[in-house]
Amino acid sequence: EKGGWESFMDKEIHEDPAAVQRTLLGRLDAHGDINLDEVRIEEHDFKAIDKIIVIACGTAAYAGQVARYAIEHWVRIPVEVELAHEFRYRDPILTPRTLVVAISQSGETMDTLMALRHAREQGSKVLAICNAQGASIPRESDAVLYTHAGPEVAVASTKAFVAQITAAYVLGLYLAQVKGTMYRDEIQTTLDALKAMPAKIQWILDTQTKTVHAAAAQMADARSVLFLGRHVGYPVAMEGALKLKEIAYTFTEGFAAGELKHGPIALVDEGEPVVFIVPPERGRDVLHAKVVSGIEEVKARGAFIIAVAEEGDRDAQRYADIVFWRPKCPTLLSPLVDVVPLQLFAMDMAKLKGYDVDKPRNLAKSVTVE
Ligand code: F6R
């Protein structure tokens, strides 16, 4: 079943490109409109939506955080992302014009299920982004957008994450179409850029695996690793940190890079490994410069720096001890590639430490208790 791979995690990371590709399949109808065929919420109800609340846990919540940047930019409505277990117990403000988006790979996460029930009781519509066909969460939702990542066996979520981001982006583009917040050709261009992502992920798998492996070998004994990112790189940093702590049991923290000077920099000492997600240099130039200045700050304190950066990024080349290269792509789509070396990195670290990467201690694939 592992199809020749050493572990399910190995196999599933290598299915990242296919997961994105399959999740994009058939989303355009004959008229060139985005068509959410599994979604049964009336178009006029979608038009009326004035707020989105994403509810999810763990990796699925990070996918929601990534999507937030894109959806707010494209659709111009506020998007909140909340851990389902926190959302449920704080008397959240929900109206019939709020769209609640429940993201879940398994579709059985009890925290997320309870939160979605609460949202529906309050009169909000719930759309599920789910990988497991016919699970409780899609069954109890008003609409479903399935991710077509295929069954995910390894406890640590990998291909489902990239598929969740993809599905949430398709939803965002659909809303932009319905609400008229983007021109048709802009929607088309963005969709085309999304369709180009599987090949870019494949490029990472084909060319960066050795570098990642060497980095893991160098860092297997690290007591802790910090992950920093900004904008869409922030949830990617959180996800990279979660993967590593979850399967390699290394103490990790993910931070917003802008927070460094507000506290976390105190943790940085000689040799401390710090992973930076460096945004592309063009377009959002300011972001690039700010992240690079963060790198300089920690470098000056002797940190060991790994950068995930765009091919040709001279600052990354200059300051980082190791660079995981990403092919050029739009900033908003970069999480789809940036997370891949971090998934490989966590897996390699866990293997080097002799752990079962598919079945980390204390964890279950789906958490069916609150
Ligand atoms: C991390 C991981 C968990 C899940 C979380 C939600 O690798 O697997 O954080 O993402 O438990 O699970 P689902 O998506 O099934 O609701």
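**Briefing: fold, cores and selected residues**

Thr112 is buried, with a relative accessible area of 1%. This residue belongs to a predicted model of a protein chain whose secondary structure comes to 15 helices and ten strands.

**Overall form**

- A compact globule with 370 residues would have a radius of gyration near 21 Å, and the 20 Å computed for the protein chain agrees with that expectation.
- The C-alpha trace of the protein chain spans about 55 × 45 × 40 Å along its principal axes.
- When contacts between residues at least 6 apart in sequence are considered, 75% of those in the protein chain join residues at least 24 apart.

**Surface and charge**

- The protein chain exposes about 15,100 Å², and carbon and sulfur atoms supply 49% of this area.

**Nonpolar cores**

- The largest nonpolar core holds 98 residues, of which Phe46, Ile52, Leu127, Tyr169 and Phe345 touch the most other members.
- Helix α8, which covers residues 159–179, gives the most to this core, contributing 14 residues.
- Apart from this core lies another one of 23 residues, among them Ala257, Val291, Ala303 and Ala309.
- With residues up to four places away in sequence not counted, Phe46 touches Val39, Ile41, Leu99, Leu127, Leu171, Tyr174, Leu175, Val178 and Lys179.

**Buried residues in helices**

- Thr112 lies in helix α6, residues 110–121, and, leaving aside neighbours within four places in sequence, Thr112 is in contact with Ile55, Ala56, Cys57, Ala84, Ala102, Ile103 and Ile137.
- Phe345 is part of helix α15, residues 335–352, and counts as buried at 1% relative accessibility, because buried means under 20%.
- Beyond its neighbours within four places in sequence, Phe345 is in contact with Val212, Ala215, Ala216, Met219, Leu244, Ile306 and Phe324.
- The C-alpha atoms of Phe345 and Ala364, which are 19 residues apart along the chain, are separated by 21 Å.
- Met9 is found in helix α1, residues 8–13, and is buried, with a relative accessible area of 0%.
- Not counting residues up to four places away in sequence, Met9 touches Ala154, Ala156, Thr158, Lys243, Ile247, Gln343, Met347, Val357 and Asp358.
- Between the C-alpha atoms of Met9 and Ala300, which are 291 residues apart along the chain, the separation is 36 Å.

- Most residues other than glycine have a negative phi.
- Arg76, in the loop between α4 (58–75) and β2 (79–83), has a phi near 60°, a positive value in a residue other than glycine.
- Arg76 is exposed, with a relative accessible area of 63%, because exposed means over 50%.
- Asn362, which is found in the segment after α15, likewise has a positive phi, near 65°, in a residue other than glycine.
- At 78% relative accessibility, Asn362 counts as exposed.

Definitions and conventions:
Residues numbered from 1 in each chain as written. Predicted model: local features only at pLDDT ≥ 70, side-chain atom pairs only at ≥ 80, totals over all residues. Heavy atoms only, no water. Core = buried A, V, L, I, M, F, W, Y, C linked by side-chain atoms within 4.5 Å. Buried < 20%, exposed > 50% of the residue type's maximum accessible area, 1.4 Å probe, protein only. Helix = DSSP H or I, 4+ residues; strand = E, 2+ residues; numbered from the N terminus. Contact = heavy atoms within 4.5 Å. Rg over C-alpha atoms; globule rule 2.2 N^0.38 Å. Areas by Shrake-Rupley, 256 points an atom, 1.4 Å probe, with all protein chains shown as cover.
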